[in-house]
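Hi,

Here is the structure I wanted to pass on to you. Have a look at it first, and then read my notes on the aromatic rings below.

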Amino acid sequence: MYSKQIKAPQGFTLLEMLIAIAIFAMLGLAANTVLSTVMKNDTATRDFATKLKAMQQGFGVIERDLNQMVARTPRLLEGGRGTTVFQTGSNMLDSESESLVFFRLGWLNPDGLLPRGSLQSVAYVVMEGQLQRWYYPYPEPEIGAEPIKTVIMDKVLSVEYAFFTDDKWERKTDATKLPKAIAIEIEFEDIGKVQRKFLVPTGALAGSDDSNNGGNNNGGNNNGGNNNNGNNSGNSNNGGSNNGDGKGE
């Protein structure tokens, strides 16, 4: 008879264990790298989405203001009114970049609770790296009055304005009438330059409101004169008929 030898179970050799450990280590390192990259991209996407949302909200504020822009001349300290319907420049209101000052309509005043109208004086100023919106409670503020300030954009390096007048874009304009559109180019620290263009409602020439009011007053006087002449004619006619009746008697 032949005896059959039974081999004892054998485990992995040291070399096989080292190879297996190396493979799992490489897989874990690759997975960790992929996970880290995904998390970084997610954080960057969230940060960019937050910045984009804030920028869109800021441009939304600007769009609402410019859509309500009105051709109104400012009142001068010496009396009378100016000739420009908006002001722009880099040496205004201590701004770090170009600023824009104008009037707008549509300032809400429900049921007339506040002692003011719907006209608002608005200014866009760059202070401490922020694009700020300034406005006063009244269109003609008192000397030394502090404006109400709101930050609409942060990390702003510079702001430039361009105006579409006479079928062309111009960096400088006489500002005696409203342009057809206004372009705003804002340079951010982390995003770079972003430009948006906004349509402006058609406005009348500066000073035309006074002429319109004068025309209305003249028209009112003429109408009154016609009515008075008509009444006088009617009275004289009635008087003539009465005299005729008296003679007949």
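**Aromatic rings**

Phe86 and Phe163 are both buried. Keep in mind that this is a predicted model.

In total I get 5 aromatic pairs in the structure. Phe86 and Phe163 form a tilted pair, because their ring planes stand at 40°, with the centres 5.2 Å apart. That angle falls between the cut-offs of 30 degrees for stacked and 60 for edge-to-face. The pair bridges distant parts of the chain: Phe86 belongs to strand E2 (residues 86–89) and Phe163 to strand E7 (residues 156–165), 77 residues apart.

Then there is Trp107 with Tyr135. Here the planes are at 80°, so this pair is edge-to-face, and the ring centres lie 5.6 Å apart. Trp107 comes from the loop between strand E3 (99–104) and strand E4 (120–127), while Tyr135 is part of strand E5 (residues 130–135), so the pair ties together parts that are 28 residues apart in sequence. Are these two buried or exposed? Trp107 has a relative accessibility of 17%, so it counts as buried, and Tyr135 is buried with a relative accessible area of 17%.

Arg72 has its charged end over the ring of Phe103, 4.8 Å from the ring centre. Over the ring of Phe59 you will find the charged end of Arg196, at 5.1 Å from the centre.

Cheers

Conventions: Residues are numbered from 1 along each chain as its sequence is written. This is a predicted model: local features need pLDDT of at least 70, side-chain atom pairs count only at pLDDT 80 or more; totals for chains, interfaces and linings use all residues. Side-chain values use heavy atoms; hydrogens and water are left out. Rings of Phe, Tyr and Trp (its six-membered ring) pair if their centres lie within 6.5 Å; planes under 30 degrees apart count as stacked, over 60 as edge-to-face and the rest as tilted. Helices (H or I, at least four residues) and strands (E, at least two) are DSSP runs, numbered from the N terminus. Buried means under 20% relative accessible area, exposed over 50%, partly exposed in between (1.4 Å probe, protein chains only). A charge sits over a ring if NZ of Lys or CZ of Arg is within 6 Å of the ring centre and within 35 degrees of the ring normal.
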